[in-house]
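Biologist: I would like to learn how to read a protein model. Can we go through one together, step by step?
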Amino acid sequence: MTSITHGMNPEEVEGLGHRLQQIADQVRQLTSELNGRIGSTTWVGPDATRFKDQWWPEKRANLHRIADDLHGFGQSALNNAAEQRQVSN
């Protein structure tokens with residue numbers, strides 16, 4: 001079996017890492033904005049209760065997990081770029 005090694009462009013991977021972390025921050029910001037809007041709505045009734053007490057907390061938790069995953073993936077990219085620079089030097 002032949003192994004193929006692909007070179008890494010550290011600047012490109014670093015840029016990807018930063019962009020992933022920026023997107024994670026945007027997801028967090030949007031989640032916070034939505035949380036405020038949902039919390040301040042005057043919508044009442046059984047549908048409102050179900051939305052506010054069941055649906056939204058579950059979706060909010062999912063959004064937090066997505067943001068954490070994006071941030072972690074971005075950090076991995078940054079770490080890989082830094083390691084590649086060390087190996088190259």
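Modeller: Start with a term. A helix here is a DSSP run of H or I, at least four residues long, and helices are numbered from the N terminus. Ser32 is found in one of them, helix α1. Keep in mind that this is a predicted model.

Biologist: How many helices and strands are there in the chain?

Modeller: The chain has 2 helices and 0 strands. Helix α1 covers residues 10-40.

Biologist: How far can I trust the coordinates?

Modeller: Look at pLDDT, the predictor's confidence in each residue, from 0 to 100. The average over the chain is 92, and 93% of the residues score at least 70. Residues 1-5 are another matter: their pLDDT is below 50.

Biologist: What radius of gyration does the chain have?

Modeller: The value is 20 Å, whereas a compact globule of 89 residues would have one near 12 Å. The C-alpha trace tells you about the outline: it spans about 65 × 30 × 15 Å along its principal axes.

Biologist: Is Thr31 buried or exposed?

Modeller: Buried means under 20% relative accessible area. Thr31 has 2% relative accessibility, so it counts as buried. Now ask what Thr31 touches. Leaving aside neighbours within four places in sequence, its contacts are Trp56, Arg60, Leu63 and His64.

Biologist: And the next residue, Ser32: buried or exposed?

Modeller: Exposed means over 50%. Ser32 has a relative accessible area of 51%, so it is exposed. From Ser32 to His64 is 32 residues in sequence, and 9.9 Å in space, C-alpha to C-alpha.

Biologist: Which residues does Gln21 touch, not counting residues up to four places away in sequence?

Modeller: Gln21, also in helix α1, touches His71, Gly74, Gln75 and Leu78. Gln21 counts as buried because its relative accessibility is 13%.

Biologist: What share of the residues in the chain count as buried?

Modeller: Of the 89 residues, 18% do. The chain exposes about 6700 Å², with carbon and sulfur atoms supplying 53% of that area.

Conventions
Residues numbered from 1 in each chain as written. Predicted model: local features only at pLDDT ≥ 70, side-chain atom pairs only at ≥ 80, totals over all residues. Heavy atoms only, no water. Rg over C-alpha atoms; globule rule 2.2 N^0.38 Å. Buried < 20%, exposed > 50% of the residue type's maximum accessible area, 1.4 Å probe, protein only. Areas by Shrake-Rupley, 256 points an atom, 1.4 Å probe, with all protein chains shown as cover. Contact = heavy atoms within 4.5 Å.
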